[in-house]
Amino acid sequence: MKNEYIPHPAVIESIQTESFDTRTFKLVFEDKTLAESFNYKPGQFVQVSLLGVGEAPISITSSPSDRGFVELTIRAAGKLTRAIHQVKQGDRIYIRGPYGNSFPVDEVAGKDLYFIAGGIGLPPLRSVIKSVFDRRGDFGKIKILYGAKTPNELCFKEEIKVWKQIDNTEVLLTVDEPDDRWQGNIGVVTKLWDKMDLAVPNGTDMVLPNGVAYVCGPPIMIKFVIEKLLTSGFKDEDIYITLERYMKCGIGKCGHCNIADMFVCIDGPVFTYDHLKKFPDKEGAMT
Ligand SMILES: Cc1cc2nc3c(=O)[nH]c(=O)nc-3n(C[C@H](O)[C@H](O)[C@H](O)COP(=O)(O)OP(=O)(O)OC[C@H]3O[C@@H](n4cnc5c(N)ncnc54)[C@H](O)[C@@H]3O)c2cc1C
Ligand code: FES
């Protein structure tokens, strides 16, 4: 019988420093068959471990079309993630998964896509961003709004320059605390709203955006972004949010990630606002 808790060894092929506390690890499973057959959807996560240290859920940041490797962007937040930041190219870490549900891609063909991220919230969205860029012609306009505390804390700086060149795509960046070289926007991510071409008045009615929003970031950011999206005419069911919860098993067995009658590890981590707002304590669910 297959033991779902047994993780698979993966070798670190390369490490990209994103900021002072965040790195992107490119991993290749030691089992060549698994390396080639490993399939996942954007928004899913894996359980990552180091033997004798611990295990934690981490979103897959590569695209399902990236074959033969998996990328994870990890912020050194605690015991395990700080230890992972000590590993070197060629070292081994352990992975099980993929787990959880995913962001819609096929289902939103023809629509405008709005990605709104704060801080370490961009890595989970990068998987779906890369997936839609793989088939750019299938979607309307793409807007990516991304905020971080400082310019140094923005992830994927070089890749964002490439995204900005893609047809009918706009990437807007903002930081709370600029440095001397920063010439862009200053303030929280919702300050970028006026640049979104949303909420076009049509007589007395507002034209509803033909759009879908993907949101990931700290709880306080999520709260204000949802308010903005709703006042801009987005429907509850067109707002997708990915939630973080303390997890142990990742497979719906231990109950650690429970909210209301659901487990974030199997019913999420991606929820529509339509779904989230029905939780008895919706504010608590987003923290
Ligand atoms: C679905 C999902 C996807 C995720 N994706 C990502 C991802 O892509 N990248 C990523 O970096 N993270 C991601 N996370 C978050 C990550 O799983 C957590 O940060 C995880 O707890 C890190 O494990 P750790 O052992 O390093 O931290 P822990 O030791 O568990 O610490 C976690 C938090 O507790 C705080 N803490 C630790 N010790 C103490 C203490 N003694 N006193 C006070 N506070 C303390 C830390 O500051 C930290 O904020 C995701 C979480 C979920 C649920
Ligand atoms: S982490 Fe165990 S039930 Fe979700």
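**A walk through the predicted structure**

N168 is found in the loop between α4 (157–163) and β9 (169–175). Here helices are DSSP runs of H or I with at least four residues, strands are DSSP runs of E with at least two, and both are numbered from the N terminus. The model is a predicted one, in which local features need pLDDT of at least 70 and side-chain atom pairs count only at pLDDT 80 or more, while totals for chains, interfaces and linings use all residues. Residues are numbered from 1 along each chain as its sequence is written, chains are lettered from A and ligands numbered from 1 in the order in which they are written, and side-chain values use heavy atoms, with hydrogens and water left out.

Most residues other than glycine have a negative phi, and most peptide bonds are trans. N168 is partly exposed, with a relative accessible area of 47%. The word "buried" stands for under 20% relative accessible area, "exposed" for over 50%, and "partly exposed" for values in between, with a 1.4 Å probe and protein chains only. A260 also has a positive phi, near 50°. This residue lies in the loop between β15 (258–259) and β16 (262–263), and A260 is partly exposed, at a relative accessible area of 41%.

The peptide bonds deserve attention as well. G97 and P98 are joined by a cis peptide bond with omega of about 5°, and P98 has its place in strand β6 (residues 92–99). A cis bond also leads from G268 to P269, with omega near 10°. P269 belongs to the loop between α6 (264–267) and β17 (270–272).

Which residues of α5 are buried? They are M221, I222, V225, I226 and L229. These residues cover an arc of only 130° around the axis, so they lie on the same side of α5. The arc is that of the directions from the helix axis to the C-beta atoms. I220 and T231, on the other side of α5, are exposed.

The last stop is ligand 1. There are 17 residues around it, and P57, T73, R75, A77 and T81 come nearest; a residue counts as near if one of its heavy atoms lies within 4 Å. P57 has its place in strand β4 and is partly exposed, with a relative accessible area of 28%. Although P57 and H256 are 199 residues apart in sequence, their C-alpha atoms are 12 Å apart in space.

A nitrogen atom of ligand 1 is 2.8 Å from a polar backbone atom of T73. An oxygen atom of the ligand is 2.5 Å from an N or O atom in the side chain of T81, and a ligand nitrogen atom is 3.5 Å from an N or O atom in the side chain of E244. Such a polar contact is a pair of N or O atoms within 3.5 Å; within protein, one must be able to donate a hydrogen and the other to accept it, and residues adjacent in sequence count only if both atoms are side-chain atoms. The protein covers 61% of the 960 Å² of accessible area that ligand 1 has on its own; accessible areas come from the Shrake-Rupley method with a 1.4 Å probe, and for residues only the protein chains shown count as cover. Two or more residues of the shell come from each of β4 (54–59), β5 (70–75) and α2 (79–84), and β4 gives the most, with 4 residues.
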